[in-house]
Amino acid sequence: MSADIHRITTKGDFDRSLIEAIHEASPDGILVVDDQGMIMSHNRRLFEVFDIPLEKLPGDHGGNLAGYSEQAPLALAMDRLEAPEAFLKRTQELYDDPTLEDHCELSLKDGRTLERFSKALWGNDNRYLGRVWFFRDITPRKEVERKLEVLARRDPLTGVANRRHFFELSGTEVARARRYGTPLSLAMLDLDHFKQINDQFGHSAGDRVLINFCNGVATLLRGSDVLARLGGEEFVVLLPGSDPDGAFQLAERLRRHAEKAIVEEGESRIRYTVSAGVASLTPDDASIETVMGRADDALYAAKAAGRNCTRHEVPR
């Protein structure tokens, strides 16, 4: 064998071995098809990410589907997808137009999420040769993203909406109320003498009081209502669809519930009360902050009246 032939043979063996190593070491499921939809190569990870047992595939393939049509594995993969029709439609679009690339996420029926990437393969003469598909299980990453999104919107102590998320939601509700002419109210709530609780029983006990309060409020709210912690012991409840009287009655229910609550701290039994101020959206209000200002004035009026009571806004 001449040196040139040996180099060509060695290079061919090296390239084949390299491709096989890349296929099997990749965290992605890889599928390569030619321009006729026949499988040129794949790795085992492809069937792992879709949870497809190789024995379910027809034919005497021995685990290697090279030379087989992609239709059988495609059908099994579609059975595992939340939106198989959309998957098939996009796949056909990519085959119809080889110049297209694809990068998207696929939701599986078992709750996992796959990331898909696809790119056409071209010969030296610019001839379309086929496509390579990559599928990666990104479920752990999506879980982290979801948890971070929750943390960005929730108060870390009580689990209720935080200040930022409250203003996001309130903007949507103000727009809806104005569009449909429905009422929108809110109640500002403040735990009375909360500093004394912290000073007497410690901050961990104070934290338990805040959690107890939020858990109690949650049992009395409708699904459309939003409880948010603005900071410290100050809370607000957004009440879509509630007129001034309805908002006042709800605030009173919350106040009475807090009045009966007990938080145990060692041998001590901590009781607490809440003051509330209620206001409603008017056509002249520029934003939810304007409504909050009137509710805050009503809250201070409740505190001035001796605390543990609810007051309506005073028209300005």
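## Close-up views of salt bridges, strands and helices

**Close-up A. K119 and E101 form a salt bridge in which the closest N and O atoms are 2.5 Å apart.** A salt bridge is counted when a side-chain nitrogen of Lys or Arg lies within 4 Å of a carboxyl oxygen of Asp or Glu. The structure is a predicted model, in which local features need pLDDT of at least 70 and side-chain atom pairs count only at pLDDT 80 or more, while totals for chains, interfaces and linings use all residues. Residues are numbered from 1 along each chain as its sequence is written, and side-chain values use heavy atoms, with hydrogens and water left out. The partners come from distant parts of the chain, 18 residues apart: K119 belongs to strand β4 (residues 113-122), and E101 to the loop between α4 (84-96) and β3 (102-107). Helices (H or I, at least four residues) and strands (E, at least two) are DSSP runs, numbered from the N terminus. K119 is partly exposed, with a relative accessible area of 37%, and E101 is also partly exposed, at 45%. These classes are defined with a 1.4 Å probe and protein chains only: buried is under 20% relative accessible area, exposed is over 50%, and partly exposed is in between. The count of salt bridges in the model comes to 30.

**Close-up B. A network of salt bridges with shared partners joins E105, E115, R141, K142 and E145.** Side chains of opposite charge can pair when their charged atoms come close. K142 is buried, at 16% relative accessibility, whereas E105 is partly exposed, at 43%. In the salt bridge between R141 and E115, the closest N and O atoms are 3.6 Å apart. This pair also links distant parts of the chain, 26 residues apart, with R141 in helix α5 and E115 in strand β4. R141 is partly exposed, at 38% relative accessibility, while E115 is buried, at 19%.

**Close-up C. Strand β1 (residues 29-34) is largely enclosed by the rest of the structure, because six of its six residues are buried.** In a regular strand the side chains alternate between the two faces of the sheet. Both faces of β1 are covered, with G29, L31 and V33 buried on one side and I30, V32 and D34 buried on the other. Two strands are said to pair if DSSP finds at least two bridges between them. Strand β1 pairs with strand β5 (residues 128-137) in the antiparallel sense over six bridges; F135 in β5 is the bridge partner of G29. Strand β1 also pairs with strand β2 (residues 39-42), in the antiparallel sense over three bridges, and V33 stands opposite I39. Four residues separate β1 from β2 in a hairpin, and G37 in the turn has a positive phi of about 80 degrees.

**Close-up D. An open sheet of five strands has the order β7-β8-β6-β11-β12 and mixed pairing.** The edge strands, β7 (226-231) and β12 (310-312), each pair on one side only. From one strand to the next, the twist averages 20 degrees. Strand β6 (residues 184-191) and strand β11 (residues 274-280) pair in the antiparallel sense over seven bridges, and A276 in β11 is the bridge partner of L189. Helix α10 (residues 288-304) packs on the sheet, where it touches β6, β7, β8 (234-240), β11 and β12, and its direction makes about 140 degrees with that of β11. Contact means heavy atoms within 4.5 Å. Axes are lines fitted to C-alpha atoms, for helices over the stretch in contact, and angles run from 0 to 180 degrees between N-to-C directions.

**Close-up E. The length of helix α8 (residues 203-218) agrees with expectation: its 16 residues should span 22 Å at 1.5 Å a residue, and its end C-alpha atoms are 23 Å apart.** The expected span is 1.5 Å times one less than the number of residues. The buried residues of α8 are A205, G206, V209, L210, F213, C214, G216 and V217.

**Close-up F. D155 lies in the loop between α5 and α6 (163-180).** D155 is buried, with a relative accessible area of 11%. Leaving aside residues up to four places away in sequence, D155 touches V160, A161, N162 and R229.
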